[in-house]
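Q: I would like to learn how to read a set of computed features in one protein model. Where should I start?

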Amino acid sequence: MLEKGYDAVTIQDILDRADVARATLYAHFRDKDDLMMSRFEAVRGSLGDHLAGFVRSGAASMRDVVRALFEHAAEHRAEYRSLVGSRSGSAILAVVTRQLVKLVREHFRDAVAARELRPAVPVDIVASYVVSAFVAMMTQWLDSPQSHTAADMAQMFQRLTLPAVSAGLNMHGGDRPRS
C-alpha cells in the first residue's frame, strides 16, 4: 500500500506478499476492502474495552482511549494517509465512522443509565458529534505536518469535546430537558 497506494494494490500483490493461495484469501475475505476492514474489527474490540473503562471511571479513561487512537495513527501515519486518500478510502472511513458512532453511542447510553441522567441532547446526536469531531481532528492532523504529538491531540480533543458531552448528556446536573 505504501509503495503503490491502496487503489493500485491488487489481490495478486496481496497474495504474493502474504505468500498465500487465492482460495485461502477468498475463504476469509470477499475482496481487499473486506480484508482491510477486518483489521478494524480488532481495533473495534479493543476500543470497546477502553470505552467500557470510560463509563466506569469517567473522563480520564476517555483521554487514554483518544490518546491511544492518535498514537496508533501516528505509528501508522503513512498507511492511514494512503488509505484515506484512496478511492476506497472514503467508503472505508464511512464504515469506520459508523462503527465508532455505534460504540460511542452504546457507551454513552450505559453512562446515562448508570448515572440516571436525562440527556439534554439525544445520545445518538452526542455520539455522532463526538465521532465527527474526532474524525475531523484526526484527518486534519494526518494531513498536516506533525507539529503536535498524539498526547497533544488527545488533550486538545478532550478540552474541546468534554464540555459538549457533559452539556449534551446533562452530566453537570443542570436543567432537565422539557418533555
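A: Start with burial: a residue is buried under 20% relative accessible area, exposed over 50% and partly exposed in between, with a 1.4 Å probe and protein chains only. Phe157 has a relative accessible area of 2%, so Phe157 is buried. The model is predicted, so local features need pLDDT of at least 70 and side-chain atom pairs count only at pLDDT 80 or more, while totals for chains, interfaces and linings use all residues. Residues are numbered from 1 along each chain as its sequence is written, and side-chain values use heavy atoms, with hydrogens and water left out.

Q: How many helices and strands does the protein have?

A: Both are DSSP runs numbered from the N terminus: helices are H or I with at least four residues, strands are E with at least two. The protein has eight helices and zero strands, and its pattern along the sequence is α-α-α-α-α-α-α-α. Of its 179 residues, 36% are buried.

Q: What share of the contacts with a separation of 6 or more comes from residues 24 or more positions apart?

A: Contact means heavy atoms within 4.5 Å. Residues 24 or more positions apart account for 68% of those contacts in this protein.

Q: What span does helix H8 reach from its first C-alpha to its last?

A: The expected span of a helix is 1.5 Å times one less than its number of residues. H8 covers residues 150-168, 19 residues in total, and reaches 26 Å, close to the expected 27 Å.

Q: Where does H8 bend?

A: The bend at a residue is the angle between axes fitted to the seven residues ending there and the seven starting there. In H8 the bend is about 35° at Thr161, and Pro163 follows within four residues.

Q: Which residues of H8 are buried?

A: The general idea is that an α-helix has 3.6 residues a turn, so residues three or four places apart point the same way. In H8 the buried residues are Ala150, Met153, Ala154, Phe157, Gln158, Thr161, Val165 and Gly168.

Q: How many aromatic pairs are there?

A: Rings of Phe, Tyr and Trp (its six-membered ring) pair if their centres lie within 6.5 Å; planes under 30 degrees apart count as stacked, over 60 as edge-to-face and the rest as tilted. The count by this rule is three aromatic pairs. In one of them, Phe70 and Phe134 have ring centres 5.3 Å apart and planes at 65°, so the pair is edge-to-face. Phe70 is in helix H4 (residues 59-75) and Phe134 in helix H7 (residues 123-143), so this pair ties together parts 64 residues apart in sequence. The rings of Phe134 and Phe157 have centres 5.7 Å apart and planes at 85°, so they are also edge-to-face. Because Phe134 lies in H7 and Phe157 in H8, that pair ties together parts 23 residues apart in sequence.

Q: Which residues form the aromatic cluster?

A: Phe70, Phe134, Trp141 and Phe157 form one cluster. Phe70 and Phe134 are both buried; for Phe134 the relative accessibility is 11%.

Q: Which charged end sits over the ring of Trp141?

A: A charge sits over a ring if NZ of Lys or CZ of Arg is within 6 Å of the ring centre and within 35 degrees of the ring normal. Here the charged end of Arg77 is over the Trp141 ring, 5.4 Å from its centre.

Q: Which backbone oxygen does the side chain of Asn170 reach?

A: A polar contact is a pair of N or O atoms within 3.5 Å; within protein, one must be able to donate a hydrogen and the other to accept it, and residues adjacent in sequence count only if both atoms are side-chain atoms. The Asn170 side chain reaches the backbone oxygen of Arg118 at 3.2 Å. Asn170 lies in the segment after H8, has a positive phi near 60°, and is buried at 1% relative accessible area.
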